[in-house]
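Please view the sequence and the structure before reading the points below.

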Amino acid sequence: MKFNRPTVEVATAQKLLLRHVKELEAERVPLLQSFGRTLAEDVRATHPVPHFVKSGMDGYAVRAADIQGATPEQPAVLRVNQLIPCGAVPALPIGPGEAARIMTGAMLPDGADTVVMFEMTEERVVEKNDTGDTVPVNATSTNAMNTNATSTNATSTNATSMNATSNVNHVQETYAFIFKEVPLGRNVSQIGEEMSEGELLLERGRTIQAGEAALLATFGFSTVPVVRRPRVAILTTGSELLAVEDPLQPGKIRNSNRVMLAALVESAGAEVMALQSVPDDVDQARTIVRDWMTRADVVLTSGGVSVGDFDIMADLLDTWDGNLLFQKVEMRPGSVTSAAVRQGVFLCALSGNPGACFVGFELFVRPVLHALQARRNVLPAPFTARLRGDYPKANIYARYLRAKTTFADGMIYVEPAGQDRSSVTVSIKESDCLIVIPPGGGVSDGDLVTALRLPTAL
Ligand SMILES: Nc1nc2c(c(=O)[nH]1)N[C@H]1C(S)=C(S)[C@@H](COP(=O)(O)OP(=O)(O)OC[C@H]3O[C@@H](n4cnc5c(N)ncnc54)[C@H](O)[C@@H]3O)O[C@H]1N2
Ligand code: MOO
């Protein structure tokens with residue numbers, strides 16, 4: 001069976017795997033720990049946003065009718081009856097001829113319908129004597145239009161100057177001079193303008209990133225319902241493998257697939273629950289694999305799937321007592337990639353060759369890990385791009401070339417990331433996509449090709 005294995009196409013292999021996925025259960029995590037996790041429930045707006053009528057600028061809240069026709073020569077003059085900082089509830093309504101000094105994000109007072117930016121205004125303090133006559137005083141404001149104000153008796157327009165102050169015979173009042181007419185509703189956000197109550201904002205299956213987190217915070221989710229992270233056991237086979245910290249020895253290499261797979265698993269939102277070496281003995285390997293399959297959602301193995309004398313994963317799969325999904329895929333690299341399921345748990349046996357191991361993970365394992373987390377669109381997204389360089393080699397199987405994307409002259413280009421043999425590790429770091437070269441002839445510089453986007457491209 002090791003030889004002459006039946007082959008399946010990549011798309012078939014993906015379907016065979018995804019058919020067995022049962023989305024994992026939900027759990028709640030603190031919002032700050034939810035980044036990269038997948039939402040387990042739809043989130044709807046629990047209240048309108050904004051939930052009060054709000055100023056969009058620092059300026060004066062006015063009645064639009066009061067500032068019709070205002071010009072620098074003929075300003076509208078409105079009595080300022082209050083200062084409204086952000087977060088405060090206005091103390092007074094705005095009647096005809098009145099305005100409120102208001103800050104960005106503050107609640108509009110009743111009666112006001114428009115905000116005029118400070119830049120189009122000037123604030124002046126005026127004294128009224130006890131006969132009610134207005135006495136112009138040297139007055140000023142901090143507003144931009146007033147930067148040339150000449151005043152020795154400057155009165156700043158802070159909260160304390162806002163209320164009329166009474167001297168023996170005089171009352172000081174603050175007036176806003178509005179030099180420009182602005183249309184009704186300008187710089188005012190109405191209730192529900194951005195989001196209305198009950199609106200669907202985030203769907204189950206969405207990954208929580210900055211924008212999602214901001215919405216969750218807006219609606220008071222200090223904890224978030226997320227899908228549990230899949231637990232993954234990473235098992236590596238091969239008596240040639242040294243630990244990362246070991247000195248080199250003749251004939252041996254350091255185990256790089258283990259950490260590469262751990263990084264990939266984490267980048268897919270899953271959790272590495274075990275890192276274990278498997279000896280070159282099929283019975284021991286079977287015991288270890290089965291053991292982890294009682295605890296993990298996915299068991300990943302690297303190596304030992306080809307036709308060599310010590311390719312124990314191939315032997316193990318030949319005698320598999322669960323559901324064997326495939327043992328050979330019509331692709332390069334990674335044709336030996338195999339998969340099986342047992343009681344809802346996946347066994348994905350990837351090639352030991354690092355390039356093939358990487359490609360096998362992206363085409364088969366990441367989609368499973370994403371699907372377990374209820375994510376949508378789990379397969380790598382295809383796009384069309386122009387090839388840089390020639391790839392003349394003919395293939396019997398489709399080839400998934402590790403490649404990088406570049407943008408030039410308004411076009412998307414893809415070019416092989418370097419050496420593409422399946423044994424090569426050095427080009428993996430350059431790869432943000434896989435160029436799909438269909439079976440048959442090669443492709444040439446300038447050809448339009450299909451490529452699959454990898455998460456590193458995000
Ligand atoms: N007679 C044949 N030989 C091979 C065939 C074939 O069809 N007939 N297929 C070749 C292809 S294609 C591939 S791909 C490899 C697949 O081999 P395995 O997946 O069984 O992997 P191993 O033999 O265990 O190792 C291959 C290679 O990768 C290195 N390796 C293994 N594990 C790691 C690790 N954790 N970190 C870094 N490098 C690792 C290992 O030392 C080998 O050099 O088979 C071909 N042979
Ligand atoms: O299956 Mo190997 O990775 O094709 O080169």
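On a 1 Å grid over the protein atoms alone, a pocket is an open set of points where a 1.4 Å probe fits, with protein on both sides within 12 Å along at least five of seven lines, and its lining residues have an atom within 4 Å of a point. The model is predicted, so local features need pLDDT of at least 70 and side-chain atom pairs count only at pLDDT 80 or more, while totals for chains, interfaces and linings use all residues. Residues are numbered from 1 along each chain as its sequence is written, ligands are numbered from 1 in the order in which they are written, and side-chain values use heavy atoms, with hydrogens and water left out.

**Second largest pocket**

- The lining of the second largest pocket consists of 19 residues, and those nearest its centre are Thr 237, Glu 240, Leu 241, Ile 253 and Gly 352.
- Its volume is about 360 Å³, where a volume is the space filled by probe spheres set on the grid points, joined across faces, edges and corners.
- At least two lining residues come from each of strand S17 (253–254) and helix H4 (256–267); helices (H or I, at least four residues) and strands (E, at least two) are DSSP runs, numbered from the N terminus.
- The lining divides into four nonpolar, 11 polar and four charged residues, with Ala, Val, Leu, Ile, Met, Phe, Trp, Tyr, Cys and Pro counted as nonpolar, Asp, Glu, Lys and Arg as charged, and the others, Gly among them, as polar.

**Ligand 1**

- There are 22 residues around ligand 1, and Glu 240, Asn 255, Val 305, Ser 306 and Gly 352 come nearest; a residue is near a molecule if one of its heavy atoms lies within 4 Å of it.
- Strand S15 (231–237), S17 and H4 each contribute at least two residues to this shell.
- The shell has six nonpolar, 13 polar and three charged residues.
- Polar contacts are pairs of N or O atoms within 3.5 Å.
- Backbone atoms take part at Val 305, where an N or O atom lies 2.8 Å from an oxygen atom of ligand 1, and at Gly 304, where a polar atom is 2.9 Å from a ligand oxygen.
- In the side chain of Asp 311, an N or O atom is 3.4 Å from an oxygen atom of ligand 1.
- Taken alone, ligand 1 exposes 870 Å², and the protein buries 67% of that (Shrake-Rupley method, 1.4 Å probe).

**Ligand 2**

- The residues surrounding ligand 2 are Arg 332, Pro 333, Gly 334, Ser 335, Val 336, Ala 356 and Ser 422.
- By class, they are three nonpolar, three polar and one charged.
- A polar backbone atom of Gly 334 is 2.5 Å from an oxygen atom of ligand 2.
- Side-chain atoms contact ligand oxygen at Ser 422, at 2.8 Å, and at Arg 332, at 3.2 Å.

Notes:
Polar contact = N/O pair within 3.5 Å; in protein donor to acceptor, adjacent residues only side chain to side chain.
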